[in-house]
Amino acid sequence: MVLAHAIPGVILAGGLSSRMGQDKSRIRLGGTALIDRAARRLRPQVSTVAVNANGPVLFERGQELPVFADLDAARAGPLGGVLAALDYARRDHPDASHVVTVPTDSPFFPTDLVARFSRVIDAPDRIAVARSASGLHPVFALWPVALAADLADWLASGGALRVRSYLERHQAREVTFPLIETARGDFDPFFNINTPGDLDEAENWLWIMER
């Protein structure tokens, strides 16, 4: 079992947000930027929080976090962000065996995410990944720092850029999270915001979730 307090956390904010039409990290939900919401939700679960982004990140005053870009300027999608997170953990947190990643655009992710991931780690190179009723959530994962070189080789040799392909290669442990029961009905904690319509829906859920 990996101790949660020894795990650094990284928010992946390096995507292009093409469907939203703007940088999702700057979008506000309930008056708070998504990047700040992600940081607040992740911070109690990990030892430190940093952000992977390929451009400037705006934080609330006094809430600034370390920011680092993908290692390869060509970008390799989410796996490029994961590799950057592994490199960051290896460099800045040499005692950490794993690093957890979450995206910017899922503001309601579970508050016991890291604790539940930690319980299924039974080997130094084991990956844990989230699943819910809506399917697998590949960028919500706990990654062994020891896989940094392996992932770098995978990407350099033209391996598939889909996170799922890499997870399958390493037989990642899936951790299933339940739906949340609300007065409006069941809600998936991994609801993500990809479009303006999704943002409107998130505003409706926010009112219910924060009552």
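A residue counts as buried under 20% relative accessible area, as exposed over 50%, and as partly exposed in between. Asp 92 has a relative accessible area of 41%, so it is partly exposed. Keep in mind that what you're looking at is a predicted model.

**The sheet and its strand S6**

Let's start with the sheet. It is open, has 7 strands with mixed pairing, and runs in the order S5-S4-S1-S6-S8-S7-S9. Strand S5 (67-68) and strand S9 (173-176) sit at the edges, each pairing on one side only. Helix H1 (residues 34-42) packs on this sheet, where it touches S1, strand S4 (49-52) and S6. The direction of H1 makes about 160° with that of S1.

Which strands pair with S6? On the parallel side there is strand S1 (residues 9-12), joined to S6 by 4 bridges. Gly 9 stands opposite Val 100 in S6, and Val 10 stands opposite Thr 101. Strand S8 (residues 135-144) pairs with S6 too, in the antiparallel sense and over 4 bridges. There, Leu 142 in S8 is the bridge partner of Val 100.

In soluble globular proteins, nonpolar side chains tend to be buried together. The largest nonpolar core in this model has 30 residues, and those with the most contacts inside it are Ile 127, Trp 143, Leu 151, Tyr 166 and Leu 167. Two or more residues come from each of S1, helix H2 (77-92), S8, helix H4 (148-156) and helix H5 (163-169). H2 gives the largest share, 8 residues.

What does Ile 127 touch, leaving aside its neighbours within four places in sequence? Its contacts include Trp 143, Tyr 166 and Leu 167, along with Ile 121, Ala 141, Leu 142, Pro 144 and Leu 147. His 170, Ala 172 and Arg 173 are also in contact with Ile 127.

**Salt bridges**

Side chains of opposite charge can pair when their charged atoms come close. A search of the whole structure turns up 9 salt bridges. Here are some of them:

| Pair | N to O distance |
|---|---|
| Arg 91 and Asp 87 | 2.7 Å |
| Arg 91 and Asp 92 | 3.1 Å |
| Arg 184 and Glu 201 | 3.1 Å |

Arg 91 and Asp 87 both lie in helix H2, 4 residues apart, which is about one turn of the helix. These two belong to a network of salt bridges that links Asp 87, Arg 90, Arg 91 and Asp 92. Arg 91 has a relative accessible area of 49%, so it is partly exposed.

The Arg 184 and Glu 201 pair links distant parts of the chain, 17 residues apart. Arg 184 is in the loop between strand S10 (180-182) and strand S11 (185-187), and Glu 201 is in helix H6 (residues 196-209). Both are partly exposed: Arg 184 has a relative accessible area of 40%, and Glu 201 one of 27%.

Definitions and conventions
Residues numbered from 1 in each chain as written. Predicted model: local features only at pLDDT ≥ 70, side-chain atom pairs only at ≥ 80, totals over all residues. Heavy atoms only, no water. Pairing = 2+ DSSP bridges. Contact = heavy atoms within 4.5 Å. Axes fitted to C-alpha atoms, helices over the stretch in contact; angles between N-to-C directions. Core = buried A, V, L, I, M, F, W, Y, C linked by side-chain atoms within 4.5 Å. Buried < 20%, exposed > 50% of the residue type's maximum accessible area, 1.4 Å probe, protein only. Salt bridge = Lys/Arg side-chain N within 4 Å of Asp/Glu carboxyl O.
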